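This briefing walks through one protein model, topic by topic. Please keep the sequence and the structure in view while reading.

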Amino acid sequence: MEQVRTGKGSRVYSVPLKMVKGKDKVLFSLKNLLTHYHFRLLNLFDNEDLVGIKINIHDGPSHHQIDPAFASLFIKHLKKRGVYPFLCDTTGRYQDRKVNAVSCVERANLSGFGFEKVGGAFLMLDGPDGRSGFSTEVSNVKGEVTDVHLVSDIQNINGMIVLVRPESNEFAGFSGALKTLGADLASKRGKIMMYSKSKPCVDKSKCFYCRKCMHKCPVGAITVDEINRNVEIDHDICINCGICVEVAKYGGIAYDWDADPEYFQKHMIENAMAVKDILGKKMLFANFLMYPEDMTKPYDEAEGFKGILVSRDPVALDKATYDLTGGSICYSHIKMNKLFEMAQKCGLGSTHYDLVDVSY
Ligand code: SF4
């Protein structure tokens, strides 16, 4: 059952999808991994811990998500341990169907993550309007103290399990454990700052002088010249919250999403370090390299390994995901090994892993 490949790194457990219609086998192997005394992966969490199971509720087709049956398995076995598990996600950085908790909860229900299907509640970590966040400090890779902005409820839970179906991402290479930890758990303000180096600007051709931005700006950075019908943003006062962009429904105020991968990744790593400071060792990660709804289909982006990889170490997990898919999951312009090295240097995990096959 068990094979250790390298013998010198963090353990990455592999639950391969070996056969047509192999979902039940994968579920059985995963259950064994979570509960068997030999692995004790869920022993990370204590009785009465509040544990968020981070999933990604997508705007698009459901095959971008994990299969709800796997989320349900985690919930069931955490409950058996006396833990309080719940599914969770965060809102997006701009207006879309993930703009607030109401739209996300509806989307989660429609995607098969309702309570009656998975046996656990679905909650948002950034409040009803998606704007609940806080700022904290971390020492970055250069040893400089820097501010990061995270979703508020990360402070109110005891642990987290990240379940993600990795996809190509033009900034992070692919959206695996590290991207979820460092980008998805950033507050709306934190997300904006990762994707844009600049502050919002007025586009006069799309502005209808409704003045909503001026009234909503929390720091009074916007002035409207009534006579000349001119809207100005004082970038020295602006705290980059993005509210004006949201209320300017016709694009009268907008961001230049001008971040580059290096800039994004620096923020991503800093955010991930702050999350690790809060949750400590009570984190578990799983990358799902297969379709949720029809397990016989080929995984559309990745070549090589099909199945689930699980680890307590997000760096080792993403490195194994990258290696086992031959980089096919990833944008080629992203230097993934450099990113993994940086994450290791910042104490997020190890680039060395032992691959353990736990399939039956
Ligand atoms: S981003 Fe926020 S702080 Fe800056 S101008 Fe817009 S509403 Fe005001």
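This is a predicted model: local features need pLDDT of at least 70, side-chain atom pairs count only at pLDDT 80 or more; totals for chains, interfaces and linings use all residues.

**Domains**

- The domain assignment gives domain 1, made of residues 10–193 + 259–357, and domain 2, made of residues 199–254.
- The centres of domain 1 and domain 2, taken over C-alpha atoms, are separated by 35 Å, and the contact between them takes 6 residues from domain 1 and 5 residues from domain 2.
- On the side of domain 1 that touches domain 2, the residues divide by class into 3 nonpolar, 1 polar and 2 charged.

**The sheet of 8 strands**

- An open sheet of 8 strands, with mixed pairing, runs in the order β4-β3-β2-β7-β14-β15-β1-β16.
- The edge strands of this sheet are β4 (122–124) and β16 (353–357), each of which pairs on one side only.
- From one strand to the next, the twist of the sheet averages 25 degrees.

**Strand β14 and its two partners**

- Strand β14 (residues 283–289) runs parallel to strand β7 (residues 159–164), and 5 bridges join the two.
- Within this pairing, L163 has A286 of β14 as its bridge partner, while V164 has N287 of β14.
- With β15, strand β14 runs antiparallel, and 5 bridges join these two strands as well; one of the pairs is F285 with its bridge partner S311 in β15.
- Is β14 mostly covered or uncovered? Strand β14 is mostly covered, since 7 of its 7 residues are buried.
- In a regular strand, the side chains alternate between the two faces of the sheet.
- In β14, residues M283, F285, N287 and L289 point one way, whereas L284, A286 and F288 point the other way, and all of them are buried.

**Helix α10**

- Helix α10 (residues 314–324) lies across β1 (10–16), β14, β15 (307–311) and β16, and runs at about 155 degrees to β15.
- Why is α10 described as largely enclosed by the rest of the structure? The description holds because 10 of the 11 residues of α10 are buried.
- The buried residues of α10 are P314, V315, A316, L317, D318, K319, A320, T321, Y322 and L324.
- What covers these buried residues includes β1, α5 (177–184), β14, β15, α11 and β16.
- After α10 comes G326, whose phi is positive, near 60 degrees.
- T325 has its place in the loop between α10 and α11 (336–345), and T325 counts as buried because 22 other C-beta atoms lie within 10 Å of it.
- Although T325 and P68 are 257 residues apart along the chain, their C-alpha atoms are separated by 24 Å.

**The hairpin of β5 and β6**

- Strand β5 (residues 133–139) and strand β6 (residues 145–151) pair in the antiparallel sense over 7 bridges, and V138 stands opposite T146 in β6.
- β5 and β6 form a hairpin with 5 residues between them, and in the turn G143 has a positive phi of about 80 degrees.

**Positive phi in two arginines**

- Most residues other than glycine have a negative phi.
- R211 has a positive phi of about 70 degrees although it is not a glycine, and R211 lies in the loop between β10 (201–202) and α7 (212–216).
- R211 counts as partly exposed, because it has 13 C-beta neighbours inside 10 Å.
- R229, which is not a glycine either, has a positive phi of about 50 degrees, and R229 lies in the loop between β11 (222–225) and β12 (230–233).

**Around the ligand**

- Which of the 14 residues around the ligand come nearest? The nearest are C217, A221, C238, C241 and C244.
- By class, the residues of the shell around the ligand divide into 12 nonpolar, 2 polar and no charged.

Key: Residues are numbered from 1 along each chain as its sequence is written. Two strands pair if DSSP finds at least two bridges between them. Helices (H or I, at least four residues) and strands (E, at least two) are DSSP runs, numbered from the N terminus. Axes are lines fitted to C-alpha atoms, for helices over the stretch in contact, and angles run from 0 to 180 degrees between N-to-C directions. Two residues are in contact if their C-beta atoms, placed from the backbone, lie within 7 Å. A residue is near a molecule or strand if its C-beta atom, placed from the backbone, lies within 6 Å of it. Ala, Val, Leu, Ile, Met, Phe, Trp, Tyr, Cys and Pro count as nonpolar, Asp, Glu, Lys and Arg as charged, and the others, Gly among them, as polar. Domain bounds come from an automatic or database domain assignment. A residue is buried if 20 or more other C-beta atoms lie within 10 Å of its own, exposed if 12 or fewer, and partly exposed in between; C-beta atoms are placed from the backbone.
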